[in-house]
Amino acid sequence: MRRTGTTRRGALTATGALALGAVLTGCGDDDKSQGRSGPVRTEAEAVRVEKALRTAAARTAALTLAHYDLAAEAHPALAEGLAPLRTAVREHAKALAVKGRKAAAPPGPVSADARAAVKELAAAERRRADAHAEALLTAEPELARLLASVAAAAAVHAYLLTELAKETAS
C-alpha cells in the first residue's frame, strides 16, 4: 500500500488546533456572547429609545383605533363585527401608552362603501403590524416581546378584515 501523506500525528495536531481555535473564539467578551447583538446602550439611552418606540407604537395603535371608530360610525352594520378587533386594538394602545402623551389625531374620512372601508381598515392593520415589526430591531427584550405580540395580533386582524371585506356587501 502507498502512503497518503496524512499521518496520525498530523491529523491529531490539526484536530487539536481546530478545537483550540474554537475554544478561544468562544471566550471573547463581546456583546454576542451575552446574547445581544448591536451596540451596548447606557441606561439613559435605553430609556430614551424605549420611550420613543413606545410613543410611536402607541400613536400607531391610537390612529388605528380612531379608524375603527370612524368605520363603525360610518357603517353601523359593521360595528358589531368590528367590536372585538377594536377592543383588542384599544388594549394594545393601553399597553403601549406612555404617560403624559396626548392621543393621535384621527385619520381622514372613511370610504362610503362598506367593503372599501373594511379594506382600508385591513390596510391600516397591515401598516400597524409592519411598524411594530420594524421597531423590534431596536427594542430592548421586554418591549420587543410586547411589540412582537402586538404585531402578530395586527397581522391577524388584517387577515380577518380582508376576509370580512369579501363577505361584506358593497
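Is Tyr68 buried or exposed, at a relative accessibility of 1%? Tyr68 counts as buried because its relative accessibility is 1%, where buried means under 20% relative accessible area, exposed over 50% and partly exposed in between, with a 1.4 Å probe and protein chains only. The legends below begin with the whole chain and return to this residue.

**View 1. The chain as a whole, a predicted model with 5 helices and 0 strands.** This is a predicted model, in which local features need pLDDT of at least 70 and side-chain atom pairs count only at pLDDT 80 or more, while totals for chains, interfaces and linings use all residues. Residues are numbered from 1 along each chain as its sequence is written, and side-chain values use heavy atoms, with hydrogens and water left out. Helices (H or I, at least four residues) and strands (E, at least two) are DSSP runs, numbered from the N terminus, and from that end the elements run α-α-α-α-α. Of the 170 residues, 29% count as buried. The chain averages a pLDDT of 81, and 71% of the residues score at least 70; pLDDT is the predictor's confidence in each residue, from 0 to 100. Over residues 27-36 the pLDDT is below 50, and this stretch has 7 contacts in the model beyond near neighbours in sequence, a contact being heavy atoms within 4.5 Å. Where pLDDT is low, the predicted coordinates should not be read in detail.

View 2. Not counting residues up to four places away in sequence, Tyr68 touches Leu82, Leu85, Arg86, Val89, Leu121, Glu125, His157 and Leu161. Tyr68 and Leu121 are 53 residues apart in sequence, yet their C-alpha atoms are 7.0 Å apart in space.

**View 3. The packing of H2 with H4.** The axes of H2 and H4 come within 10 Å and cross at roughly 170°; axes are lines fitted to C-alpha atoms, for helices over the stretch in contact, and angles run from 0 to 180 degrees between N-to-C directions. H2 and H4 are therefore roughly antiparallel to each other, since angles over 145 degrees count as roughly antiparallel, under 35 as roughly parallel, 65 to 115 as roughly perpendicular and the rest as oblique. Residues of H2 including Thr64, His67 and Tyr68 meet residues of H4, among them Leu121, Glu125 and Arg128.

**View 4. The packing of H3 (residues 76-96) with H4 (residues 114-135).** Here the axes come within 13 Å and cross at roughly 20°, so H3 and H4 are roughly parallel to each other. The contact is made by Leu78, Leu82, Val89, His92 and Leu96 of H3 and by residues of H4 that include Val118, Leu121 and Glu125. The contact residues divide into 7 nonpolar, 2 polar and 2 charged, where Ala, Val, Leu, Ile, Met, Phe, Trp, Tyr, Cys and Pro count as nonpolar, Asp, Glu, Lys and Arg as charged, and the others, Gly among them, as polar.

**View 5. His157 in helix H5 (residues 141-167), and the packing of H5 with H4.** At 6% relative accessibility, His157 counts as buried. Leaving aside neighbours within four places in sequence, His157 is in contact with Tyr68, Leu85, Ala88, Val89, His92, Glu125 and Arg128. H4 and H5 pack at an angle of about 160°, with their axes 8 Å apart, which makes H4 roughly antiparallel to H5. The residues of this contact divide into 15 nonpolar, 3 polar and 6 charged.
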